[in-house]
Amino acid sequence: MGSKATADMDKKNSSVEIRGLYKIFGKRPQHFLQAVKDGMSKQELQEQHGHVLGLKDINLTMEAGSIQVVMGLSGSGKSTLIRHINRLIDPTAGEVIVGGQDVCKMNKRTLRDFRRHETAMVFQKFALLPHRTVINNVVYGLEVQGVPRARQESEARRWIDRVGLSGFEDNFPNQLSGGMQQRVGLARALANDAPLLLMDEAFSALDPLIRMDMQSVLLDLQSELKKTIVFITHDVDEALRLGDRIAILRDGEVIQEGTGQDIVLEPADEYIQNFVKDVNRGRVILTESVMSDGPHEDAVAEINISDHLETAARSMSEDEVAAVNITDDDGKVVGHLDMESTVAAIVKQEDRHTTPDDKPAP
Amino acid sequence: MEWLTEFPAMDKSALRALKKSIDGGFRAWTRENGDAVEAFFEPIKQMLIWSEKFLLNTPWPIILLGIVGIAWFASRSWKITLMTFVTMVLIGYFDMWDNTMRTISIMLVSTFVSIVLGIPIGIAMSKSDKLQSAVTPVLDVMQTMPGFVYLIPVVMLLGIGKVPGLLAVVIYAIPPIIRLTNLGIRMVDKEVLEAADAFGSSAWQRLKNVQIPLAMPTIMAGINQTIMMALALVVIASMIGVKGLGQPVLQAIANQYFTLGMFNGLAIVGVAIIFDRVSQAYGKRLQSHSEVVHGK
């Protein structure tokens with residue numbers, strides 16, 4: 001009973017804190033740890049010593065109840081990183097603290113209980129059990145926990161229904177399409193009722209339309225469940241749509257961390273700039289960061305400071321006026337946006353940092 | 001220049017002494033431990049006697065019905081079922097029923113023993129590369145050593161009869177089930193295993209829920225091969241007193257009775273085909289979930 005009580009307590013705080021995490025792949029990782037800490041490059045480590053630097057000095061705080069996206073191209077270490085959170089991979093150095101417990105220091109039994117009750121995972125290639133029907137896949141986590149069969153089934157049915165797969169309970173996975181299979185994967189993870197959900201490129205193998213669809217399913221569920229979700233992706237649109245915060249990984253290092261707007265408005269370097277150059281800025285930038293002070297005399301409508309520019313543009317074009325007032329969460333008007341600045345913020349992509357002061361001197 | 005035409009072999013008397021001392025040593029060990037070894041194999045002997053009695057003493061229509069019934073429930077194919085029925089009726093009509101029952105009995109028991117020993121060994125091998133590289137050469141020897149050769153120590157130890165026959169058959173037939181269990185488990189999709197781990201499966205849950213079910217098609221192929229090899233050794237085992245379809249074949253060789261040899265040989269072929277088709281169809285049916293693919 002004792003462990004159940006702590007499990008319930010942890011549900012309230014399942015924040016993830018990663019501190020000084022290093023991962024070196026190879027025969028003698030510890031041997032090279034100090035050299036890497038002292039600045040040996042990934043390339044040197046690989047070419048001279050035959051070891052692969054997976055992760056280098058990762059420090060990330062993921063708030064409980066929010067969606068943290070980790071983005072990067074293949075080989076950037078994002079899949080390695082997520083596997084440290086439930087310790088499918090052991091770190092070379094560092095701490096992973098979930099709900100106050102250091103996952104890296106757990107013994108085998110504690111780790112197993114942690115995986116059973118505190119986390120659930122969704123995989124890129126679904127990783128369903130091919131010999132089990134949909135319902136028997138979804139009960140898997142509960143079955144492993146030793147939950148009575150009747151409750152396993154009722155829980156599973158509830159989640160199968162929730163992800164929109166009612167009627168497919170007795171089908172085998174390869175009778176289903178990719179999108180449906182991943183719904184099974186999602187239901188399996190949700191049925192576990194764990195506060196921390198790890199999603200490793202969960203939607204990357206799906207068609208674009210199905211992917212959008214699954215993102216909506218996830219956002220819809222999240223608004224109600226408020227889990228801590230770590231979501232890995234290589235798709236910037238997906239990252240911006242889902243992530244409360246986004247961390248960008250390259251060569252095993254975090255090169256920028258912030259909200260979607262931070263990353264679009266202030267890309268830390270060229271690498272990230274390339275990433276975000278084609279995104280729909282109207283759906284990322286908040287009215288708050290572009291608005292001018294005070295109400296506007298032409299404005300007829302009011303929108304919230306945490307609405308996106310696209311909402312502002314839509315409101316203006318619907319009302320056939322060139323301005324809209326912005327209110328804070330209490331409904332008080334704190335500023336306004338006019339059509340000109342809205343459009344400028346949406347289309348301006350190059351030289352975002354170039355303010356008028358930076359103009360070359362005549 | 002004699003050393004060029006004659007291989008410089010070991011001195012003849014030394015060689016004789018070596019062979020003698022090994023034989024003597026083994027014989028002495030046999031004399032001392034023969035009873036203990038026999039006692040060890042007593043349960044298997046009882047099992048053999050019981051299964052043979054069961055097959056021989058049960059009225060033939062019931063056995064025929066049983067075999068045809070198993071064929072139907074395992075394969076769900078009326079073709080295989082009909083083939084089984086016709087084969088068994090022909091065997092009985094040509095007066096080979098009792099010998100066939102004896103052969104089926106020893107084959108079933110040796111397959112059972114092979115599975116009970118072989119699957120755990122295969123699982124252990126799949127978990128340890130060291131064990132795999134230690135066991136593989138042993139399996140190679142077991143499969144390539146002529147069957148007659150390991151009849152000798154078995155007979156020295158246990159005399160002639162059912163148990164030594166069974167031992168010979170098991171030694172010959174067990175390698176495929178060990179090899180294919182090992183292979184099947186090693187081939188299980190890493191992602192699915194990772195998922196099992198991520199949900200906190202214990203080693204046993206992982207084995208029971210993921211590894212064995214996913215390795216099942218390969219393990220079934222191993223069982224099928226084991227059955228076939230057990231049947232193949234029946235004739236050789238008849239040399240050490242195993243009764244069944246092999247004995248008339250042996251007799252036919254000694255006396256040049258072509259037809260007798262042919263009939264019994266064909267009966268062995270018939271039994272082999274029945275067991276092969278039925279076990280394969282059963283294995284395929286177990287995998288029916290992988291056949292209905294989305295979009296086809």
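Modeller: Helices are DSSP runs of at least four residues and strands are DSSP runs of at least two, and both are numbered from the N terminus. The structure discussed here is a predicted model.

Colleague: How many helices and how many strands are there in chain B?

Modeller: From the N terminus on, the elements of chain B run α-α-α-α-α-α-α-α-α-α-α-α-α-α. Along its principal axes, the C-alpha trace of this chain spans about 75 × 55 × 45 Å. The count for chain B is 14 helices and 0 strands.

Colleague: What average pLDDT does chain B have?

Modeller: The pLDDT is the predictor's confidence in each residue, on a scale from 0 to 100. In chain B, 98% of the residues score at least 70, and the average pLDDT is 90.

Colleague: How many contacts beyond four places in sequence does the model have for residues 354–362 of chain A?

Modeller: Across residues 354–362 of chain A, pLDDT stays under 50.

Colleague: What distance separates the centres of domain 1 and domain 2 of chain A?

Modeller: The domain assignment of chain A gives domain 1 as 2–118 + 194–276 and domain 2 as 285–347. Taken over C-alpha atoms, the separation of the two centres is 35 Å.

Colleague: What ipTM does the predictor give the complex?

Modeller: The predictor gives two scores for the complex. The pTM is 0.82, and the ipTM is 0.81.

Colleague: Which helix of chain B gives the most to the side that touches chain A?

Modeller: In total, 19 residues of chain B are in contact with 22 residues of chain A. Helix 10 (190–198) and helix 11 (203–232) of chain B each supply at least two residues of that side of chain B. The side divides into 9 nonpolar, 7 polar and 3 charged residues. With 6 residues, the element of chain B that gives the most is helix 10.

Colleague: Are helix 5 and helix 14 of chain B roughly parallel or roughly antiparallel?

Modeller: Helix 5 (residues 78–93) and helix 14 (residues 258–286) of chain B pack with their axes 10 Å apart, at an angle of about 160°. Angles over 145 degrees fall in one class, and therefore helix 5 of chain B and helix 14 of chain B are roughly antiparallel.

Colleague: Is the crossing of helix 6 and helix 11 of chain B left-handed or right-handed?

Modeller: Helix 6 (residues 97–127) of chain B packs against helix 11 of chain B at an angle of about 140°, with axes 10 Å apart. That angle makes helix 6 of chain B oblique to helix 11 of chain B. The residues of this contact divide into 8 nonpolar, 4 polar and no charged. As for its hand, the crossing of helix 6 and helix 11 of chain B is right-handed.

Colleague: Which residues of helix 9 of chain A make the contact with helix 8 of chain A?

Modeller: The axes of helix 8 (residues 149–162) and helix 9 (residues 178–191) of chain A come within 9 Å and cross at roughly 135°, which means that helix 8 of chain A is oblique to helix 9 of chain A. Their crossing is right-handed. The residues of the contact of helix 8 with helix 9 of chain A divide into 6 nonpolar, no polar and 1 charged. Helix 8 of chain A contributes A:E155, A:A156, A:W159 and A:I160, while helix 9 of chain A contributes A:A187, A:L190 and A:A191.

Technical notes: Residues numbered from 1 in each chain as written. Chains lettered and ligands numbered in written order. Predicted model: local features only at pLDDT ≥ 70, side-chain atom pairs only at ≥ 80, totals over all residues. Axes fitted to C-alpha atoms, helices over the stretch in contact; angles between N-to-C directions. Parallel < 35°, antiparallel > 145°, perpendicular 65-115°, else oblique. Contact = placed C-beta atoms within 7 Å. Nonpolar A, V, L, I, M, F, W, Y, C, P; charged D, E, K, R; others polar. Domains from an automatic or database assignment. Left-handed = near helix turned anticlockwise from the far one by under 90°.
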